[in-house]
Amino acid sequence: MEIRIKCLRLKIDFSFILVISFALLYGYQSALQLLILSVLHELGHLAALVAFKARVYEISLSFFGFGIKYNGLLSLKQEAAMLFCGPLVNLFLFTVFRDKINLLLFLLNIIPVFPLDGGRLLLLLMPDKGKYISTLFLILLFIFSVGLLIRYKIVSLILIAVYLLIFNLRFV
């Protein structure tokens with residue numbers, strides 16, 4: 001589905017609707033809260049882009065998350081600031097509300113694994129070594145998530161690790 005608002009294209013992929021529906025149907029009680037907080041996270045990126053006078057022309061929602069496409073050359077500092085503004089929103093909201101979801105969104109997004117904000121920031125600042133460091137963190141995340149799965153039966157982090165692994169294998 002695609003909606004146009006002046007020069008902005010909002011694309012909502014069927015996979016996004018499927019994931020949200022699945023989460024709500026199978027009792028993931030925080031699905032709506034997670035969605036709202038993720039939108040606020042993306043608004044942090046969007047606010048930075050507007051402040052830096054980049055022209056946003058597409059926002060997409062899919063199984064792979066939210067994506068913002070924009071025109072305009074940002075300096076290295078501006079790009080780094082824009083990447084950090086999303087997690088910064090979650091950190092701010094965590095300090096105000098002391099909720100686990102904002103803390104988890106902040107911690108997850110600063111992991112230096114592409115396509116997360118921390119991974120994009122790593123590749124921006126260290127283009128030569130970034131892929132190797134990102135791969136190392138992906139392996140560590142996978143090992144940690146398997147440990148959580150075995151010891152505490154926590155499934156969500158292993159799903160995120162598998163998603164990140166599959167996403168990164170697309171670029172090998």
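**Notes on the predicted model**

1. Helix H3 (residues 76-97) and helix H5 (residues 117-125) have axes that come within 9 Å of each other and cross at roughly 165°. This is a predicted model, and the angle should be read as a computed value for it. Angles over 145 degrees count as roughly antiparallel, and H3 and H5 are therefore roughly antiparallel to each other. The crossing in which H3 passes H5 is left-handed.

2. H3 also packs with helix H2 (residues 31-51), and here the axes are 7 Å apart, at an angle of about 135°. H2 and H3 are therefore described as oblique to each other. Their crossing is right-handed, whereas that of H3 with H5 is left-handed.

3. The H3 and H5 pair also has a charged contact. Arg120 and Glu79 meet through their side chains in a salt bridge, at 4.0 Å from N to O. Since Arg120 belongs to helix H5 and Glu79 to helix H3, the pair ties together parts that are 41 residues apart in sequence. The cut-off for a salt bridge is 4 Å, and the stated distance for Arg120 and Glu79 is 4.0 Å; please keep both values in view when citing this contact.

4. Arg120 has 32% relative accessibility and so counts as partly exposed. Glu79 has a relative accessible area of 15% and is therefore buried, the limit for that class being under 20%.

5. How many salt bridges does the structure hold? There are three. One of them is formed by Arg9 with Glu58, whose closest N and O atoms are 2.4 Å apart. Arg9 lies in strand E2 (residues 8-12) and Glu58 in strand E3 (residues 55-62), so this contact ties together parts that are 49 residues apart in sequence.

6. Glu58 has a salt bridge with Lys69 as well, at 3.5 Å from N to O. This pair links distant parts of the chain, with Glu58 in strand E3 and Lys69 in strand E4 (residues 65-71), 11 residues apart.

7. The remaining point on charges concerns shared partners. Arg120 is in helix H5 and Glu79 in helix H3. Glu58 takes part in the bridge with Arg9 and in the bridge with Lys69.

8. On the surface, a nonpolar patch is formed by Met1, Ile3, Ile5, Phe14, Ile17 and Leu18, which together have about 620 Å² of accessible area. Strand E1 (2-5) and helix H1 (14-25) are the elements that give two or more residues to this patch. Which element gives the largest share of the patch? That is H1, with three residues.

9. Phe14 deserves a separate line in the description. This residue is found in helix H1 and is one of the members of the nonpolar patch. Its relative accessibility is 60%, so Phe14 counts as exposed, the class that starts over 50%.

Definitions and conventions:
Residues numbered from 1 in each chain as written. Predicted model: local features only at pLDDT ≥ 70, side-chain atom pairs only at ≥ 80, totals over all residues. Heavy atoms only, no water. Patch = residues over 30% accessible without salt bridge, like charges linked within 9 Å, V, L, I, M, F, W, Y side chains within 5 Å. Areas by Shrake-Rupley, 256 points an atom, 1.4 Å probe, with all protein chains shown as cover. Helix = DSSP H or I, 4+ residues; strand = E, 2+ residues; numbered from the N terminus. Buried < 20%, exposed > 50% of the residue type's maximum accessible area, 1.4 Å probe, protein only. Axes fitted to C-alpha atoms, helices over the stretch in contact; angles between N-to-C directions. Parallel < 35°, antiparallel > 145°, perpendicular 65-115°, else oblique. Left-handed = near helix turned anticlockwise from the far one by under 90°.
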